[in-house]
Amino acid sequence: MSIGGGAPRRPRDVGTEEHVPPPTTEELTVSHAALDGASPKKLIHFVHQTQEARISLTENFDSRFSDLVTAGKGEEYPQLVEQFKALYAACDVSLETIATRLASIPAGQAASKVVTSIVLEERSRADAHLQVQVMRQHKSVAGAAGEEGVADTAEPISNIIRMPLKPSTAECSFPHWMEKGAQVLYIRAPFHPFLHGNSCCVNVRQALAMVEANEKSHISKIAELEEELRAEAADMDD
C-alpha cells in the first residue's frame, strides 16, 4: 500500500505471505502531491490508510521475528528492530505531516490534535510491542525448561530483564538492545516487574501478562482516537 498515491508498490517475489518483503519508507510516506489542496476529510482518509499500512507492517515484523526465533538467530533481532524502526518512523512522519496540514485549516484543527495523539500512542505501543515479543520468547524458553523439570515461575531477574536498580534517565529509554546468550533473547526494560524482596526474581507468566496488558491499553486508546477521527470526518463536508 502506498499512502495517498505515493511511491508505486514494488513487485513482490513469488512466495508465501510471511516472506513478503516489508514496504519501503517511500511507500509509507504520504505523497505531498496528494496532500496539496486535499480537504480535511481527505486528509483524515490518508490517516486511516497510514494506520492500515502500520497494521500490515506489524504483521510482517512479527512474522520475521518468529522466523528468527525458529531459526535460532536471536543475534539478528537488533538489526530487525532497527529496520522496522525506520519503517514505523515513516508512518509517524506521514501522520505528523497530515496533522500539520489539518492544523492549517480551520475545519481540521480539532482533527489535527487527534492525529498528533495517535502518533504519541503509536510510539508507546511500538515500544510495548517489543517488550511483548521478547517476554513471549522468555516464556517459551522457560516453559521448555519446565518440561525438563526446571520450574518456570521464579527466574532470576538477571536472566530475564537486565538493568541497574537505579537507572539513569538515558538508561530508561526503550528499547535497550537485545543480547544473545544461551539461546535466550535478553532485554533491559524500563521497569522492575514483580520483584520479590531482595531476591530480584520475576514470574515470567506474570511479567508477560503485564507487558501484554500495557500494549493492549495503547491499542484500545488508539482505537478510541481513530473512532473520534471518524466522527470528526462525518461532520465535515467533502
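The following is a dialogue about a predicted model of a protein.

Student: What makes up the secondary structure of the protein?

Tutor: The secondary structure comes to seven helices and four strands. Along the sequence the pattern reads α-α-α-α-α-β-α-β-β-β-α.

Student: How many of the residues are buried?

Tutor: Of the 238 residues in the protein, 42% are buried. As for contacts between residues at least 6 apart in sequence, 75% of them join residues at least 24 apart.

Student: Why is Ser94 called buried?

Tutor: Buried means under 20% relative accessible area. Ser94 has a relative accessible area of 0%, so Ser94 is buried. Ser94 lies in helix 4, which covers residues 77-103.

Student: Which residues are in contact with Ser94, leaving aside its neighbours within four places in sequence?

Tutor: They are Leu28, Thr29, Val30 and Thr50. Contact here means heavy atoms within 4.5 Å.

Student: What makes Glu212 count as partly exposed?

Tutor: Partly exposed lies between the cut-offs for buried, under 20%, and exposed, over 50%. Glu212 has 21% relative accessibility, so Glu212 counts as partly exposed. Glu212 lies in helix 7, residues 204-234.

Student: Which residues does Glu212 touch, not counting those up to four places away in sequence?

Tutor: Glu212 touches Val132 and Arg136. Glu212 and Val132 are 80 residues apart in sequence, but their C-alpha atoms are 5.9 Å apart in space.

Student: Which residues of helix 7 are buried?

Tutor: The buried residues of helix 7 are Val204, Ala207, Leu208, Val211, Glu215, His218, Ile222, Leu225, Glu226, Leu229 and Ala233. As a general point, an α-helix has 3.6 residues a turn, so residues three or four places apart point the same way.

Student: How do you know that the span of helix 7 agrees with its number of residues?

Tutor: The expected span is 1.5 Å times one less than the number of residues. Helix 7 has 31 residues and should therefore span 45 Å; its end C-alpha atoms are 45 Å apart, which agrees.

Student: What are the reach and the expected span of helix 3?

Tutor: Helix 3 has 32 residues, and 46 Å is expected at 1.5 Å a residue. From first C-alpha to last, helix 3 reaches 47 Å, close to that value. Gly72 follows helix 3 and has a positive phi, near 65 degrees.

Student: Why are helix 3 and helix 7 called roughly antiparallel?

Tutor: Angles over 145 degrees count as roughly antiparallel. Helix 3, residues 40-71, packs with helix 7 at an angle of about 155 degrees, and their axes are 10 Å apart. Helix 3 and helix 7 are therefore roughly antiparallel to each other. The crossing of helix 3 past helix 7 is left-handed.

Student: Which residues meet where helix 3 and helix 7 pack?

Tutor: From helix 3 there are Lys41, Ile44, Val47, His48 and Gln51, and they meet Ile222, Glu226, Leu229, Arg230, Glu232 and Ala233 in helix 7. Divided by class, this contact has five nonpolar, two polar and four charged residues.

Student: How do you know that helix 3 and helix 4 are also roughly antiparallel?

Tutor: The cut-off is again over 145 degrees. Helix 3 and helix 4 pack at an angle of about 175 degrees, with axes 10 Å apart. Helix 3 and helix 4 are therefore roughly antiparallel to each other. In the contact of helix 3 with helix 4, the residues divide into 18 nonpolar, five polar and four charged.

Student: Why is Lys41 called partly exposed?

Tutor: The range runs between under 20% for buried and over 50% for exposed. Lys41 has a relative accessible area of 27%, so Lys41 is partly exposed. Lys41 lies in helix 3. The C-alpha atoms of Lys41 and Ala111 are separated by 9.5 Å, with the two residues 70 apart along the chain.

Student: Is Gly37 buried or exposed, and what makes it so?

Tutor: Exposed means over 50%. Gly37 has 82% relative accessibility and therefore counts as exposed. Gly37 is found in the loop between helix 2 (32-35) and helix 3. C-alpha to C-alpha, Gly37 and Arg101 are 9.6 Å apart in space and 64 residues apart in sequence.

Notes:
Residues are numbered from 1 along each chain as its sequence is written. This is a predicted model: local features need pLDDT of at least 70, side-chain atom pairs count only at pLDDT 80 or more; totals for chains, interfaces and linings use all residues. Side-chain values use heavy atoms; hydrogens and water are left out. Helices (H or I, at least four residues) and strands (E, at least two) are DSSP runs, numbered from the N terminus. Buried means under 20% relative accessible area, exposed over 50%, partly exposed in between (1.4 Å probe, protein chains only). Axes are lines fitted to C-alpha atoms, for helices over the stretch in contact, and angles run from 0 to 180 degrees between N-to-C directions. Angles under 35 degrees count as roughly parallel, over 145 as roughly antiparallel, 65 to 115 as roughly perpendicular and the rest as oblique. A crossing is left-handed if the near helix is turned anticlockwise from the far one by less than a right angle, and right-handed if clockwise. Ala, Val, Leu, Ile, Met, Phe, Trp, Tyr, Cys and Pro count as nonpolar, Asp, Glu, Lys and Arg as charged, and the others, Gly among them, as polar.
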